[in-house]
Amino acid sequence: MQATADLSRPPSVSLRAEALRALCASEPACKVTITQTLFEAMQAGRTRLDTAERLTPDPATPLPGRPMRPALIAPVDVPQRSPFTPDGLSMLLHAVAHIEFNAINLALDAVWRFPDMPADYYTDWLKVAHEEAIHFGLLRAHLQSLGHDYGDFAAHNSLWEMCIRTQHDATARMALVPRTMEARGLDATPPMQARLRKVGTPAALRAVEILDVILHDEIGHVAVGNRWYGWLCAQQSIEPLSHYRRLAREHSAPRLKPPFNEPARRAAGFSDAELAAMHQA
């Protein structure tokens, strides 16, 4: 007798393959929807995880998928304007939205790209992608309320460029993307909020509220990077601090500059030795 399919339960999807599909999506709302739907499916037990699967992206599809706008230019060429002007505030919001859009891609890339990691690694990074998608949505909605949208201003691509440099080494990826590039946001957010409070307009104060959400979640995201960097170093019998220095030199990581948000960095898992080394760099 032929078995009858259980139509009450939606079919499961491959967590890592679907993360790659989300990464390839170029339209921001589509990327967010695929990411959120995948996270909800994982939460409901409707995903399957093959940690050993070697996935191969379609060579005709660029990674990551992104819209035609914003135009990507060198970091030094990105215009700077005061948040005390309406356009300057919108440009600041756009810059942060661009970081969060890239952060969705970075988390999705961590899910699909690196095989043979523990299952928790993949669920950790999908949760990060889910939260980054929420952040992007909050910022985009606020930007739209001010008469602009994502893509209206030029942006730079340095965050994804570090992703490319570390694409063949999970240890380098954990060291230099969440623990370096994204951790800089822990330091930059409080001064940014202080400036916005001085602006004092309802739009600026709403931005402060959104940044509160982002800062809270980003501590957890950096902690995920710290957790898996430590795990990978332990697996390879590598001393984490000296290896980090070598990776930073090898991949031309940006030099860390004070002031550092030490309470946030401690909450994210940075050790006393790591914090001391930052001041000596």
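**Cysteines**

Reader: Why is Cys 30 called partly exposed?

Author: The relative accessible area of Cys 30 is 35%. Buried means under 20%, exposed means over 50%, and partly exposed is in between (1.4 Å probe, protein chains only), so Cys 30, at 35%, is partly exposed. Do keep in mind that this is a predicted model, where local features need pLDDT of at least 70 and side-chain atom pairs pLDDT 80 or more, while totals for chains, interfaces and linings use all residues. Numbering starts from 1 along each chain as its sequence is written, and side-chain values use heavy atoms, without hydrogens or water.

Reader: How do you know how many disulfides there are?

Author: A search of the whole structure for cysteine sulfur atoms within 2.5 Å of each other gives 0 disulfides. For Cys 30, the nearest cysteine sulfur belongs to Cys 24 and is 11 Å away. For Cys 163, the nearest is again that of Cys 24, 13 Å away. Cys 163 has a relative accessible area of 1%, so this residue counts as buried.

Reader: What makes the buried residues of H9 line one face of the helix?

Author: H9 covers residues 240-250, and Leu 241, His 243, Tyr 244, Leu 247 and Ala 248 are buried there. Down the axis of H9 these residues fall within an arc of 160°, so they line one face; the arc is taken from the directions from the helix axis to the C-beta atoms. The buried residues of H9 pack against H6, H8 and helix H11 (272-280). A helix here is a DSSP run of H or I with at least four residues, numbered from the N terminus.

Reader: Why are Asp 124 and Trp 125 called buried?

Author: Both are in helix H4, which spans residues 119-145. Asp 124 is at 17% relative accessibility and so counts as buried; Trp 125, at 2%, is buried as well. Leaving aside neighbours within four places in sequence, Asp 124 is in contact (heavy atoms within 4.5 Å) with Val 224, Arg 227 and Trp 228. With neighbours set aside in that way, the contacts of Trp 125 include Ala 107, Met 174, Pro 178, His 221 and Trp 228.

Reader: What makes one space a cavity and another a pocket?

Author: On a 1 Å grid over the protein atoms alone, a 1.4 Å probe fits in a cavity but cannot get out, while a pocket is open, with protein on both sides within 12 Å along at least five of seven lines. Trp 125 is among its lining residues, as are Leu 106, Arg 173 and Glu 182; lining means having an atom within 4 Å of a point. H6 gives the largest share of the cavity lining, 5 residues.

Reader: How do you know what the largest pocket is made of?

Author: Its lining has 46 residues, with Ala 95, Ile 99, His 156, Ala 188 and Met 192 nearest the centre. H3 supplies the largest share, 11 residues. The space in this pocket is about 1,300 Å³.

Terms used:
Points joined across faces, edges and corners; volume = space filled by probe spheres on them. Helix = DSSP H or I, 4+ residues; strand = E, 2+ residues; numbered from the N terminus.
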